[in-house]
Amino acid sequence: MTTIKTTYKILAIVLIAYCIIGSLYLDFPYLPVIGTSIRNIFSHVSMWFAMIAQLTISLLFSIRYLKFNKIKDDIIASKALSTGIYFGIAGVITGMAWAKYSWGDWWVNDPKLTGSAITLLSCFAYLILRNNINDEIKKARISAVYNILLFAMMIVLLFVLPRTGGASIHPGQSGNPVIFPSELNWKIRLVLYPSFIGWILLSIWLLELKIRLNILIRKINNLTCAN
Amino acid sequence: MSINEIYFLTVKDFKLSFRSKTTFGSIIIYLFSTIFVSYLAFKSFISPEAWNAIFWIIILFTAINSASASFIQEDVICNTFYKFLAYNKSIFISKLIFNTLTLIIMSFIIYLTFILLIDNPIQNQQLFLITLLIGTAGISFLITFVSAISIKASDSLTLTAILSIPLVIPLITLCIQLTQKAINNTSTFSEIKYIISGILLDFLIALLGVFLYPFLSKE
């Protein structure tokens with residue numbers, strides 16, 4: 001168990017170092033509008049994948065809490081959602097920097113951008129909801145229910161609505177050019193797929209640290225947490 | 001969960017709202033005062049986009065007020081008594097139906113008041129009617145469920161607004177786009193893709209609400 005715990009952290013660091021070096025030193029094809037800022041794809045898309053991974057972990061542990069009623073599942077769910085918020089904000093900032101360079105403006109009126117802002121707003125609303133309830137078991141149950149609603153609306157906002165809205169300036173409307181390799185150069189894919197894995201593993205490491213810290217604080221405050 | 005229980009609970013809600021006119025009347029007053037203030041601001045000329053925006057904003061905030069009022073107005077003893085009499089899902093479905101019918105009636109009142117005071121830029125009335133039904137049904141489903149959540153949390157109106165406004169934005173975006181197309185007089189059949197996605201979104205919200213409500217209400 002200990003070797004798995006240390007291996008995935010070393011793997012995360014190695015992969016992210018490889019991606020940072022690869023994104024800066026390899027030659028990528030030069031396309032008219034984007035130019036050399038295609039290198040931002042490794043950080044921008046990886047942040048969003050890490051956020052979606054964290055929100056999926058949060059959803060799974062919320063459902064698990066509703067089924068088995070163990071407090072530890074609720075701790076994992078809420079910490080995963082707040083880690084997802086960090087990566088979502090990072091994704092928005094990298095996206096804004098990229099938009100300023102290639103489209104000329106920090107924020108445009110686009111369904112995918114609107115959907116990402118609304119997802120972040122609902123995640124903040126989840127944290128406000130958790131803050132307003134005092135009883136621990138009630139807090140866990142109600143925030144688990146809201147988490148399921150949040151995830152369903154996130155799927156609608158980020159994956160369904162941008163595709164129904166007609167032509168859009170944000171890439172990725174028809175099909176899925178990030179995952180299916182029909183439009184990306186092989187050199188980009190060589191650095192991109194390890195970058196996804198590296199950033200997702202880093203987000204899981206951050207989640208593990210937050211959970212351990214929370215459990216220690218609860219032990220100091222004499223709140224038990226049965227495994 | 002039986003149709004009989006749902007019917008009697010819905011009729012009970014309607015009778016209560018007619019008996020004590022305070023909640024219903026306060027929502028009507030809220031509605032008329034907001035429309036009158038917007039009329040005073042615009043006086044006679046209003047661009048279609050502004051008409052669109054003001055209309056849906058007023059519907060959204062009226063929905064938040066009326067849906068939370070229907071949950072707050074009964075005290076804890078009555079709610080516990082109803083839980084002995086009927087299934088949980090029946091109580092929630094009856095609240096959904098009551099809020100949806102109330103909001104549809106209010107949206108017609110809002111639309112008629114708008115036509116009276118400010119002019120009517122809608123060319124394609126059929127498309128607008130469909131949009132109104134889809135939009136108000138979806139908004140009322142979502143706000144009923146979220147006010148059930150916030151009642152259990154801390155019983156406040158602001159929490160309902162905070163939780164529901166981000167989640168209602170895709171539905172409002174769809175309704176604003178469809179209303180803009182109704183103003184531009186496009187045919188109803190050419191927007192069938194948006195209409196179907198609106199209906200499916202309503203179904204998704206209603207199914208999620210009915211499925212998740214028993215987890216909320218068991219103590």
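Start by selecting Q54(A), which sits in helix α2 (residues 41-68) of chain A. Keep in mind as you click around that this is a predicted model. Q54(A) has a relative accessible area of 0%, so it is buried. Show its side chain together with that of S203(A): the two make a polar contact at 2.9 Å. Now display what else is around Q54(A). Leaving aside neighbours within four places in sequence, the contacts are A80(A), T83(A), G84(A), S203(A), I204(A) and L207(A).

Next, the salt bridges. There are six over all chains, and a few deserve a stop.

Select R64(A) and D73(A). Their closest N and O atoms are 3.0 Å apart, and the pair forms a salt bridge. Which of the two partners is buried? D73(A) is, with a relative accessible area of 5%, while R64(A) counts as partly exposed at 40%.

Move on to E136(A) and R218(A), a salt bridge with its closest N and O atoms 3.3 Å apart. E136(A) belongs to helix α5 (residues 136-164) of chain A and R218(A) to helix α6 (residues 186-220) of chain A, so this bridge ties together parts 82 residues apart in sequence. Colour by accessibility if you like: E136(A) counts as partly exposed at 29%, and R218(A) as buried at 11%.

Hop over to chain B and pick D13(B) and K12(B), whose side chains meet in a salt bridge at 3.5 Å, N to O. D13(B) is at 2% relative accessibility and counts as buried; K12(B), at 17%, also counts as buried. Then go back to chain A and select K9(A), E208(A) and R212(A), which are joined into one network by salt bridges that share partners.

Time for the interface. Show both chains and select the residues in contact: 25 from chain B meet 23 from chain A. The area buried between the two chains is about 2400 Å², with carbon and sulfur atoms giving 80% of that. On the chain B side, α6 (125-153), α7 (157-183) and α8 each supply at least two of the residues that touch chain A. α8(B) gives the most, with nine residues.

While α8 is highlighted, select I192(B), which is found in this helix (residues 192-217) of chain B. I192(B) counts as partly exposed, at 38% relative accessibility.

Now look inside chain B. N99(B) is placed in helix α5 (residues 88-117), and at 3% relative accessibility it counts as buried. Not counting residues up to four places away in sequence, N99(B) touches S66(B), A67(B), S70(B), S140(B) and T144(B).

For a last stop, pick I28(B) in helix α2 (residues 21-42) of chain B. I28(B) has a relative accessible area of 19% and is buried; the cut-off for that label is under 20%. Finish by drawing a distance line from the C-alpha of I28(B) to that of Q177(B): the two residues are 149 apart along the chain, and those atoms are separated by 27 Å.

Note on methods
Residues are numbered from 1 along each chain as its sequence is written. Chains are lettered from A and ligands numbered from 1 in the order in which they are written. This is a predicted model: local features need pLDDT of at least 70, side-chain atom pairs count only at pLDDT 80 or more; totals for chains, interfaces and linings use all residues. Side-chain values use heavy atoms; hydrogens and water are left out. Helices (H or I, at least four residues) and strands (E, at least two) are DSSP runs, numbered from the N terminus. Buried means under 20% relative accessible area, exposed over 50%, partly exposed in between (1.4 Å probe, protein chains only). Contact means heavy atoms within 4.5 Å. Buried area is the accessible area (1.4 Å probe) that two parts lose on being put together, summed over both. A polar contact is a pair of N or O atoms within 3.5 Å; within protein, one must be able to donate a hydrogen and the other to accept it, and residues adjacent in sequence count only if both atoms are side-chain atoms. A salt bridge is a side-chain nitrogen of Lys or Arg within 4 Å of a carboxyl oxygen of Asp or Glu.
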